[in-house]
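The entries follow the display.

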Amino acid sequence: MKDITCKLLVIGAGPGGYVCAIRAGQLGVDTVIVEMAKPGGTCLNIGCIPSKALIHAADDFHNTVIMAAGKNAMGIRAENPAIDLAKTMAWKDGITGRLTMGVSGLLKKAGVKIVVGRAKFRDGKTVAVETETGEQVIRAENIVIATGSAPVELPALPFGGKVISSTGALSLTQVPQRLAVVGAGYIGLELGIAFAKLGSKVTIVEALDRILPLYDTQLTQPIAKRLSALGVEVLLGTKVKSMSSNGEALLAETGEGEEKRIAADKVLVTIGRRPLTEGWGREELELDMDGRFLRIDEQCRTAMRGIYAVGDVTGEPMLAHRAMAQGEMVAEIVSGKRRSWDKRAIPAVCFTDPEIVSVGLSPDEARAGGREVKIGQFPFTANGRAMTLSAEEGFVRVVTRADNHLVLGIQGVGAGISELSAAFSLALEMGARLEDIAGTIHAHPTQSEAFAESALKALGHALHI
Amino acid sequence: MGEKIIKLPDVGEGVAEAELVEWHVKVGDIVQEDMVLAAVMTGKATVEIPSPVEGEVTFRHGEIGDVIATGTVILKIRTPGDDGDSDVEPHIAAPQPEKAPEVTPLVVEPKQQPVAEKPKPVTEAASAKPAATSLPKGAGAPRAEGEKPLAPPAVRLRAKEAGVDLRQVPGSGPAGRITHEDLDAFLSRESGGAAAAGLQPNKSVQEVKVVGLRRRIAEKMALAKSRIPHITYVEEVDMTALEELRGRLNGNQKPGKPKLTILPFLMRAMVKAIAEQPGINAHFDDEAGVIRQFGGVHIGIAAQTPSGLVVPVVKHAEARDIFDCAREVTRLSDAAKSGTAQREELSGSTITISSLGAMGGIVSTPVINHPEVAIIGVNKMAIRPHWDGTQFVPRRMMNLSSSFDHRVIDGWDAATFVQRLKALLETPALIFVEE
């Protein structure tokens with residue numbers, strides 16, 4: 001096969017890689033992208049998108065179950081609701097299929113050459129790709145490593161059989177009667193809640209003494225409340241040991257040393273993700289590491305000239321939108337533009353029930369170093385739109401500097417609050433002050449009014465509370 | 001909807017006009033009640049005009065530096081609500097303290113403090129006011145060390161492409177936010193100066209508008225110098241004896257007694273000399289062709305303040321003993337420097353002392369404080385060799401540089417007056433002898 005020579009080679013067509021390639025193509029950079037599976041990476045195929053599809057289906061089904069039980073406050077009745085999970089999955093696959101096709105189309109439109117296969121570095125300028133038709137050698141001036149991450153496996157509970165990862169959970173065709181979820185991070189809770197709504201008896205086992213350890217308890221408290229309302233059992237401070245010898249149950253040990261036997265048809269292990277730093281020939285290169293991640297600088301450059309890295313392989317937070325921003329930046333740098341990483345805000349969203357959004361600093365982080373802060377919090381119980389949605393749980397909270405009211409962080413918890421992340425991030429990125437938020441007209445009746453009210457609250461004159 | 005008409009208030013003392021020194025609003029601004037709209041200056045006091053109502057500014061008259069007659073309409077504010085707010089405010093400054101917010105209370109502000117930062121009483125009502133009145137100041141201040149520059153993404157991108165490190169760019173926006181304009185200013189400065197190393201000609205011209213106190217000073221000085229033919233007479237004074245006396249008085253100072261500088265001695269000496277030459281302590285009204293000789297000796301003390309020269313006045317120095325004079329000088333100069341001096345304390349002098357202390361130099365040519373006829377300038381005191389007839393001895397010498405209005409005071413009279421001061425200061429006991 002004839003060698004390919006290009007200016008930019010991107011390894012991995014996840015959100016970081018494909019955005020980098022599209023942008024580079026737009027800028028006229030001669031670009032090749034290598035992907036061993038489908039374009040779109042974890043995000044489109046086995047992550048963000050399919051999980052949101054499942055969560056939406058679960059919500060709809062659960063609401064219908066509530067209606068059938070005669071518990072719908074709006075007076076809607078239904079009878080004998082049922083879900084055909086195989087159809088749900090087919091519908092979900094239709095969405096991911098359309099999106100991955102879309103990404104391929106965008107890459108082609110940008111003039112990017114797609115090579116399907118597993119890439120392996122030969123040296124800092126050369127990559128060999130195992131394709132279906134043989135080995136393809138690609139030489140590039142610049143190479144971007146965008147290999148992503150994979151679910152972490154527990155040695156005592158290797159994936160296979162009953163033990164599944166998030167990928168497995170997103171391709172189940174039958175709702176498991178009893179689902180044990182190991183790990184109460186956002187992935188475990190999102191999927192755990194979805195399956196509880198689909199009818200599974202869900203038990204969540206977490207080694208730490210709280211759920212969603214990355215968020216403060218004020219934010220996670222509404223989730224804990226919802227979990228208990230959904231009948232999800234949450235075992236905190238509990239370590240899983242192994243499957244029982246007959247494979248019927250998951251064995252765990254509580255903080256008090258008590259043995260727990262959790263009967264389960266499926267065991268979903270979501271204890272985090274690990275960067276994929278092996279399997280693509282890192283040993284042929286001289287890359288510095290930063291813990292388990294590849295070390296990068298503020299231009300996503302690795303220790304080797306002409307080699308960049310973006311996305312989950314470069315560190316926390318492992319979020320698609322961070323990877324996309326990095327990819328875009330690297331493409332512009334390769335095309336000769338001056339760029340460096342200068343983002344103030346990377347929003348983080350949990351699609352739990354209710355949802356959590358966090359941008360910037362939490363109150364405790366803001367107070368670090370003795371800084372004086374001013375905080376405003378506005379509950380959805382005082383928001384008309386939230387009432388009409390039967391979604392009064394939660395609040396919006398704004399964290400600012402006391403001296404000049406500069407917004408340092410914005411958090412919120414509530415139904416559908418993920419969409420408010422746009423306003424939160426923009427406020428932070430633009431360097432807004434409380435007065436800017438309070439002085440912006442927020443449409444009525446919307447949940448976004450809670451954002452303006454939280455700023456007014458911090459200023460001492462909230463109107464609707 | 002009502003409309004409130006704001007007229008330039010009568011700021012008292014029969015002043016018929018005032019100079020506009022600050023605008024705090026422009027047409028289209030939304031103002032809150034009690035928010036400062038403008039500041040005007042009369043005499044040497046700045047007066048703020050607060051808004052009597054809440055509403056939108058629809059009309060604004062006058063530019064900074066304009067001298068505006070009392071009663072002139074300077075602002076119109078459209079008020080919300082339909083409560084029949086009076087369309088015209090007939091006499092906005094009518095002092096009715098019990099209805100304060102409606103009648104535009106006047107606030108006399110210290111001169112050099114930013115007038116917008118009027119301290120507000122911390123009450124529930126005040127803190128519940130809309131944000132506009134309590135905006136924290138963010139602009140201008142340099143960033144604290146290690147603090148990241150604050151700029152919106154578009155500004156960051158432009159800076160990056162221009163190779164500008166935003167840490168070097170001062171931010172003028174809220175909370176020190178760097179705006180596109182800040183970046184423009186930085187870039188134009190860069191392109192001018194960064195090209196070559198070494199000494200560069202600075203071709204910049206900065207226009208500073210002469211307003212407020214500075215303008216007052218300029219007018220007064222021009223008036224004095226154009227009308228008054230000055231005669232300046234310099235004499236040296238041996239201060240050794242006075243310094244000894246002063247040292248002793250300050251040495252066994254009793255509690256409650258002020259520390260004495262040279263000024264109170266000079267003031268008392270002037271009182272004494274004026275008693276013999278009342279023509280020195282006078283106003284010459286050159287338009288009426290009248291000299292007004294005053295019985296009371298009201299001594300203006302020229303004092304430097306951060307915003308310029310002001311002249312607080314020690315009233316009736318003839319009725320004050322030396323400690324009383326000292327106390328009054330201290331009180332007045334403190335008040336002048338902090339900007340809290342009252343209007344009455346800054347006017348009504350009949351003769352003036354100009355003293356720059358250690359900065360006094362050897363000789364000065366003081367400008368007479370019109371319509372006065374004399375000003376006594378105090379130069380620096382220093383130990384200088386003095387021939388006592390047989391040898392040089394070290395003596396504490398100080399020059400007095402004094403100017404007189406030659407239209408009404410002849411050289412001989414001026415010399416006589418200064419020689420009398422010299423005699424009194426060199427033999428300080430004479431200051432205290434009752435005749």
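I count two strands as paired if DSSP finds at least two bridges between them. Helices (H or I, at least four residues) and strands (E, at least two) are DSSP runs, numbered from the N terminus.

I note that this is a predicted model, in which local features need pLDDT of at least 70 and side-chain atom pairs count only at pLDDT 80 or more, while totals for chains, interfaces and linings use all residues. Residues are numbered from 1 along each chain as its sequence is written, and chains are lettered from A and ligands numbered from 1 in the order in which they are written.

Strands. I looked up strand E17 (residues 374-387) of chain B and found it paired with E18(B) in the antiparallel sense over 12 bridges. B:Gly377 has B:Ser401 in E18(B) as its bridge partner. The two strands, E17(B) and E18(B), form a hairpin with 4 residues between them. In the turn, B:Gly389 has a positive phi of about 110 degrees.

I then checked strand E10 (residues 230-238) of chain B, which pairs with strand E18 (residues 392-405) of chain B in the antiparallel sense over 9 bridges. There, B:Asp405 in E18(B) is the bridge partner of B:His230.

Helices. Which residues of H6(B) meet H8(B)? I listed B:Phe265, B:Ala269, B:Met270, B:Lys272, B:Ala273 and B:Glu276 in H6(B), which meet B:Phe417, B:Arg420, B:Leu421, B:Leu424 and B:Leu425 in H8(B). Contact here requires C-beta atoms, placed from the backbone, to lie within 7 Å.

How values were computed: Two residues are in contact if their C-beta atoms, placed from the backbone, lie within 7 Å.
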